[in-house]
Amino acid sequence: MHEILIEEKILARNDEIAAQNRKALSERGVYAINIVSAPGAGKTSLIEKMAAELKALGMGFAVVEGDLEGDLDSKRIERHGIPALQITTGRACHLDAHQVSHSLPWVFEQSGIELLVIENVGNMVCPAEYDLGEEMTVMVMSAAEGDDKPLKYPAIFSASEALVINKTDLAPHTDFDIGKARLNALKVNPNLKIFETSCRTGAGIGEWARYLAGVVRHDK
Amino acid sequence: MHEMSITRTLLETVRQEMEKADIKTLRSVRIRVGELTAVEPEALRFCFEASVKGTPFEGASLEIEEPPLKGGCLTCGLVFGTTLFERTCPGCGDSSVEIAGGNELDIVSMEGV
C-alpha cells in the first residue's frame, strides 16, 4: 500500500490560469471586475446603466457575459455601443478561469479598453470558489430579495470587495430593510464597500460608476 | 451544482498522481473542505461515488476533513474558533480579525496499491 501526500488546492489548475489571466490583463492595462449575483438581481441592467456614466468619464470598457444559453445579454449590452462577448457555459453554473482565458484575445482586440466587466452566471454559490483573474468581485443583491441574504450565502459575500444593493426603488413596497442588509453584509465582510442603486430611476448609478472608475485609474 | 466539476478536477489530479507513482488500484482519497467554502461535503461524496463507477477508481473511498472557521487577531496574533458573525478577539478584545482557516478546498493525500 502506497500513501501519497499531495497537499494542493483542488482548484489549483483554475487558480494558475486565473493568475495568468490577471497578468495578461495587467500587462495591457486592463482592470477586470467579476460581477456576481442571484439570477434577476440586475447585473445586466447595472452594466447597461453604467455605460453612459463611464462613457462620460472617458472610460472604455468591454463586457464578457456568462450565461447557460443564448446571447440575449450580450445583445442588450451591444445596444449601448459597448463591445460584448457571450460565453455560454452549457450546464455549468459558473464561469471558470479557463473559459475567461479564451475570451482575452477578443478583449485585447478592442481598442481603448481600460476596464473588463465579466458578468458571471446568476448563482450565489458556485462562483465563490472560482477565481477568474479579476481584481475586484462585485456582488449585486436587490431589494426584491431578503435582507438576510448575506447571512445565508456568506461565502460569496466574504469573497467580494464591493456590494451593490440594487432595485432600491422597490424597497418601500417590500419588507426589505436596506439598513439591515448593510449590517448583515458588514457582519460577514467588514471590508465591503456598499452602494445603493436603482436601475429604474438611475439613483446611485453615478456614485457607483465614479467609484469604480476611480479604482480602475488609481490601480494603474 | 459545481461539486461535479470539483470532483472531475479532483479525479484528474488523482489520475496523474497514480500514473507518476505507478499505482494501479486506488483505495482512498483524503480531501479538506472548510466550513466557509461554497462546497457541500455530502454532495461531493455523491458526485464522487457516481463518478468512480466503472472506472479504475471504483471502490475507492473519499475521506473528507471539515476544518472549522477560525479567526486570526491582527493585533495580538491569537487564532481562535469563531463564527462568521463574531469579529472580536477573545484574547485582547480587538475587532481587527481576519479569517485564518475554514476556507480550505484541498486534496491532502491518496492511498493505493
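## The contact between chains A and B

Between chain B and chain A there is one salt bridge, where a salt bridge is a side-chain nitrogen of Lys or Arg within 4 Å of a carboxyl oxygen of Asp or Glu. The side chains of A:E7 and B:R32 form this salt bridge, at 2.8 Å from N to O. This is a predicted model, in which local features need pLDDT of at least 70 and side-chain atom pairs count only at pLDDT 80 or more, while totals for chains, interfaces and linings use all residues. Residues are numbered from 1 along each chain as its sequence is written, chains are lettered from A and ligands numbered from 1 in the order in which they are written, and side-chain values use heavy atoms, with hydrogens and water left out.

Chain B brings 30 residues into contact with 26 residues of chain A (contact means heavy atoms within 4.5 Å). About 2500 Å² is buried between the two chains, with 65% of that area given by carbon and sulfur atoms. Buried area here is the accessible area (1.4 Å probe) that two parts lose on being put together, summed over both.

On the side of chain B that touches chain A, the elements giving two or more residues are α1 (3-21), β1 (26-33) and β6 (105-112) of chain B. Helices (H or I, at least four residues) and strands (E, at least two) are DSSP runs, numbered from the N terminus. With eight residues, β6(B) gives the most to this side.

Two strands pair if DSSP finds at least two bridges between them. One of the bridges links A:H2 to B:G112.

## The sheet of chain A

Chain A holds an open sheet of seven strands in the order β4-β3-β5-β2-β6-β7-β8, with parallel pairing. Strands β4 (84-88) and β8 (193-196) of chain A are at the edges with a single partner strand each, so one side of each has no neighbour in the sheet. On average, neighbouring strands are turned by 20° against each other, direction ignored.

Within this chain, five bridges join β3 (residues 61-67) to β5 (residues 115-119) of chain A in parallel, and A:F61 has A:L115 as its bridge partner.

## Helices on the sheet

Helix α4 (residues 97-109) of chain A packs on the sheet, where it touches β3, β4 and β5 of chain A, and its direction makes about 160° with that of β4(A). Axes are lines fitted to C-alpha atoms, for helices over the stretch in contact, and angles run from 0 to 180 degrees between N-to-C directions.
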